[in-house]
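Here is a briefing on helix packing, the nonpolar core and the salt bridges. Please keep the model open while reading.

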Amino acid sequence: MNSVRKKLEEEDMRFEDALAGLEATVKRLESENLDLDESLRLYEKGMRFAEVCRRKLDEAEKKIERLARTAEGPVVVADAGFQNFPSGEGAPPGEKFGDDD
């Protein structure tokens, strides 16, 4: 498979598919007695899956930030940790920020 075709397939890959591929690659690296060449090939493959995951997460974060902008332009939510919601407003149902049970 040439590198251009491989790159196009990685761009079209869903996050869930890349994550599953990464997990399977790591499992194989950890569980099998592989020679050096095969280990390096799998490591490279895993790094490509990891890059797809990172890129997809970055894209999702940017989209969330765009959606969270107010009319004046500042981002309302800095991240998914709900640090900007001390009252727990906006936290997932059943969770309040600061509740340390």
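Helices (H or I, at least four residues) and strands (E, at least two) are DSSP runs, numbered from the N terminus. By that rule, Glu38 sits in helix H3. The model is predicted: local features need pLDDT of at least 70, side-chain atom pairs count only at pLDDT 80 or more, and totals for chains, interfaces and linings use all residues. Residues are numbered from 1 along each chain as its sequence is written, and side-chain values use heavy atoms, with hydrogens and water left out.

**Helix H2**

- Helix H2 covers residues 15-31, which is 17 residues.
- The expected span of a helix is 1.5 Å times one less than its number of residues.
- For H2 that gives 24 Å, and the end C-alpha atoms are 24 Å apart, so the two values agree.
- Ala18, Gly21 and Thr25 are the buried residues of H2 (buried means under 20% relative accessible area, exposed over 50%, partly exposed in between, with a 1.4 Å probe and protein chains only).
- Viewed down the axis of H2, these buried residues fall within an arc of 60 degrees, so they line one face of the helix.
- The arc is taken from the directions that run from the helix axis to the C-beta atoms.
- Lys27, Glu30 and Ser31 are exposed on the other side of H2.

**Packing and core**

- The buried residues of H2 pack against helix H3, residues 36-68.
- Contact here means heavy atoms within 4.5 Å.
- Phe49 touches Met13, Ala18, Gly21, Leu22 and Thr25, leaving aside residues up to four places away in sequence.
- A nonpolar core is a set of buried Ala, Val, Leu, Ile, Met, Phe, Trp, Tyr and Cys residues joined through side-chain atoms within 4.5 Å.
- The largest such core has five residues: Met13, Ala18, Phe49, Val52 and Cys53.
- H3 supplies the largest share of this core, three residues.
- In soluble globular proteins, nonpolar side chains tend to be buried together.

**Glu38**

- Is Glu38 buried or exposed? Glu38 counts as buried, because its relative accessibility is 19%.
- A polar contact is a pair of N or O atoms within 3.5 Å; within protein, one must be able to donate a hydrogen and the other to accept it, and residues adjacent in sequence count only if both atoms are side-chain atoms.
- The Glu38 side chain makes a polar contact of 2.8 Å with the side chain of Arg41.
- Another polar contact, of 3.2 Å, joins the side chains of Glu38 and Arg28.

**Salt bridges**

- A salt bridge is a side-chain nitrogen of Lys or Arg within 4 Å of a carboxyl oxygen of Asp or Glu.
- The whole structure holds eight salt bridges.
- One of them pairs Glu16 with Arg14 at 3.4 Å, N to O.
- Glu16 is partly exposed at 46% relative accessible area, and Arg14 is partly exposed at 48%.
- Arg28 forms a salt bridge with Glu38, with the closest N and O atoms 3.2 Å apart.
- Arg28 lies in helix H2 and Glu38 in helix H3, so this pair ties together parts that are 10 residues apart in sequence.
- Glu32 also bridges to Arg28, its closest N and O atoms being 3.2 Å apart.
- Glu32 is partly exposed at 38% relative accessible area, and Arg28 is partly exposed at 30%.
- Which residues form a network of salt bridges? Arg28, Glu32, Glu38 and Arg41 are linked in one.
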